[in-house]
Each structure stands twice: as structure tokens, then as C-alpha cells.
Amino acid sequence: MINLVLHMPVWEIETEGAGRMQVAVLSGKGGTGKTTVSTNLAKIMGCRYVDCDVEEPNGFIFLKPKIEETREVYILVPSIDKEKCSDCKKCVDICQFNALVHTKQGVMLFEKLCHGCGACTLICQTKAIIEARRRIGKIDIGKHGDIECLSGTLNIGEPMAGPVISQLKNLIDDKTTIVDCSPGSSCNVVKAVQGADYAILVTEPTAFGLHDLKIAVELVKKINIPFSIIINRVTGDENLITRYCYEKNIPILGLIPYDKKIAIFYSEGKLLVEDETYKNIFKSIARTLMEAVQCS
Ligand code: SF4
Ligand code: SF4
């Protein structure tokens, strides 16, 4: 049965009763309000916020945490000692990512293709390969009041977000956490969603929104994570997303209206829950979320 939160009463949230859960917030399409939902939910629930959208992290613009620590993220890449290399090419053959190429000058590494898997180091019998650290990004850790905030940032021009997301996820313990994933349905999203107890898919009532939502729905179904949907920029009772949800029997966790005030708050870097109307909307969403997680 579909659950339209705006038609439900508003409860007071007891954040201590939130339980311990990891909730991933994703969107098939960029610009649907995923970060708005993630940051405001973290604020209203008083739980940890983790920005895994490492190619474009912007949750800290709204939560404005005081940064207490910054950790560098490295991957280990091979460094080849030409003196010891016998030119056997075994490392080139084993590399699944085509990061190593054999040339007249010996084995060459294309650093940005290297996933740091270590297979080349293991196969090299002459010990010509040693591993060297390469910095690909950073993790900022801070506090917004009592709310723990973590955000990963991938270096500009760096193609591999995976290791930054993995290291961020490793920092999540059993406290209730909102994970703000990348938009789309790439392997970065899969990495961020994995291990979550529940997923929220944020969408908007447009043809593009529906198209990309369907892909995100397939993704969470494949990973086997219970989920529901928040529809942003809603103007009426029914739209193409609500019809899709009825048809597929997908629960709707909440509706966020199409409202100029949201654009103003966003442009000023303010949380929506600073406004009484939106505070009540997010309280209602948070309460329904906790119930949904407990029932799933
Ligand atoms: S496996 Fe070792 S010895 Fe063989 S080509 Fe690679 S670096 Fe050289
Ligand atoms: S560490 Fe893995 S990905 Fe990188 S060059 Fe070696 S085999 Fe290829």
C-alpha cells in the first residue's frame, strides 16, 4: 500500500529511538534533491551524515560542520625497477585494467588506469615491482553540533572514485547514518549503497525523472535492499511517479512540494528544516522512515 506522507500527521521525533541503521539516499538522475533530503534528514534525526558523492560533494555547504580532521586517501600503484626487470611481461598480461604496457623502453605504467589491485606485484618473480602510494583524494571529518559529518573528495581529474568511497564506508560504524550517494547508477553508487539497511530514492515528476528512477529501482532490487521513494517538486496529488509507484506497489516515503522557498534556501546554503513547514515535513518523513526500516 502506498504511503503518502504529506497526508499523515506529524510526529515528534525522538532521535534516541532512531535505532542503528544505515540509510542510503540515491537518485537515478542528478539534480533531484538527493543532498537536500540527505542533509535535512540527518539534521532532523540527529544522526551521522556521510557524503559519498565524492566527485561533487556538497552536503557540507548546508551542514557547515567544523572540520576536525582530514585524512588523505591513497592507492598503491606499482613502481618498476628497470634493473631488476627481466621483460617477462607477466605483469602486463595479468593487469585486467590495461594499466601496464610493454614498450621498447620496458614496462610502462598508466597511473590513472591502475586500480591498485596488487596483482602485478604478486606475479613479478624478480621482485622488480615495489608499491608506491598515490594520493587520489581526501576525507574530511567534522561536527555540526552533535552530528558527525564525513565527506569524501576525489582529486580533480582523477577517474577512480571507488577507493575514496570504500575508505569512507569503512569509517561507518553501527551508529545511525545517512549515506548521500552519487547520482546515477554507476559502480560508485553500488559501492556507496552496499551495506545499507535501507535505501531512499529521490526523484522528480518528470519523464527524465521516471526514466532514471526505473534504473535506480532495478539497482536496489538487484542488491536486495528495501527501499521507498521521495518525490521532490510535487505540484498536485497525482503525477507520473505516483502512478508508477501505484503500479509497481512501491511505497512513497514522502513528498516535497515545488516551492520557490526551497530554491532560495538552497542558493543561500541553508537547511530546509530551518523553516517550520519543512521541519514538519522532514519530521514526518523521518518517522515513516524509521517505521519502514523496522518493518523491512
Ligand atoms: S613481471 Fe616483473 S620482471 Fe616481468 S616484466 Fe613485469 S616487472 Fe618486469
Ligand atoms: S596494481 Fe593491478 S591495476 Fe595496477 S598495474 Fe598492477 S595489476 Fe594493473
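**Ground rules.** I treat this as a predicted model: local features need pLDDT of at least 70, side-chain atom pairs count only at pLDDT 80 or more, and totals for chains, interfaces and linings use all residues. Residues are numbered from 1 along each chain as its sequence is written, and chains are lettered from A and ligands numbered from 1 in the order in which they are written.

**Confidence.** I checked pLDDT, the predictor's confidence in each residue, from 0 to 100. The chain averages 91, and 94% of the residues score at least 70. Over residues 1–18 the value is below 50, yet this stretch has 34 contacts in the model beyond near neighbours in sequence. A contact means C-beta atoms, placed from the backbone, within 7 Å. Where pLDDT is low, the predicted coordinates should not be read in detail.

**Ligand 1.** I listed the residues near the ligand (C-beta atom, placed from the backbone, within 6 Å of it). There are 14, and Cys85, Cys88, Cys91, Cys124 and Ala128 come nearest. The shell holds 9 nonpolar, 2 polar and 3 charged residues. Here Ala, Val, Leu, Ile, Met, Phe, Trp, Tyr, Cys and Pro count as nonpolar, Asp, Glu, Lys and Arg as charged, and the others, Gly among them, as polar.

**Ligand 2.** I found 14 residues around ligand 2, with Cys95, Ala99, Cys114, Cys117 and Cys120 nearest. Strand 3 (66–80) and helix 4 (119–123) each give two or more residues to this shell. Helices (H or I, at least four residues) and strands (E, at least two) are DSSP runs, numbered from the N terminus. By class I get 11 nonpolar, 3 polar and no charged.

I traced an open sheet of 9 strands in the order 3-6-7-2-8-1-9-10-11, with mixed pairing. Two strands pair if DSSP finds at least two bridges between them. Strand 3 and strand 11 (252–257) are the edges, each pairing on one side only. Strand 10 (residues 227–234) runs parallel to strand 11 over 5 bridges. I noted Ile230 with its bridge partner Gly254 in strand 11.

**Helix 1 and helix 10.** I took axes as lines fitted to C-alpha atoms, for helices over the stretch in contact, with angles from 0 to 180 degrees between N-to-C directions. Helix 1 (residues 34–45) and helix 10 (residues 276–295) have axes that come within 9 Å and cross at roughly 80°. The two helices are therefore roughly perpendicular, a label for 65 to 115 degrees. Asn40, Leu41, Ile44 and Met45 of helix 1 meet Lys279, Phe282, Lys283, Ile285 and Ala286 of helix 10.

Note on methods:
Two residues are in contact if their C-beta atoms, placed from the backbone, lie within 7 Å. Angles under 35 degrees count as roughly parallel, over 145 as roughly antiparallel, 65 to 115 as roughly perpendicular and the rest as oblique.
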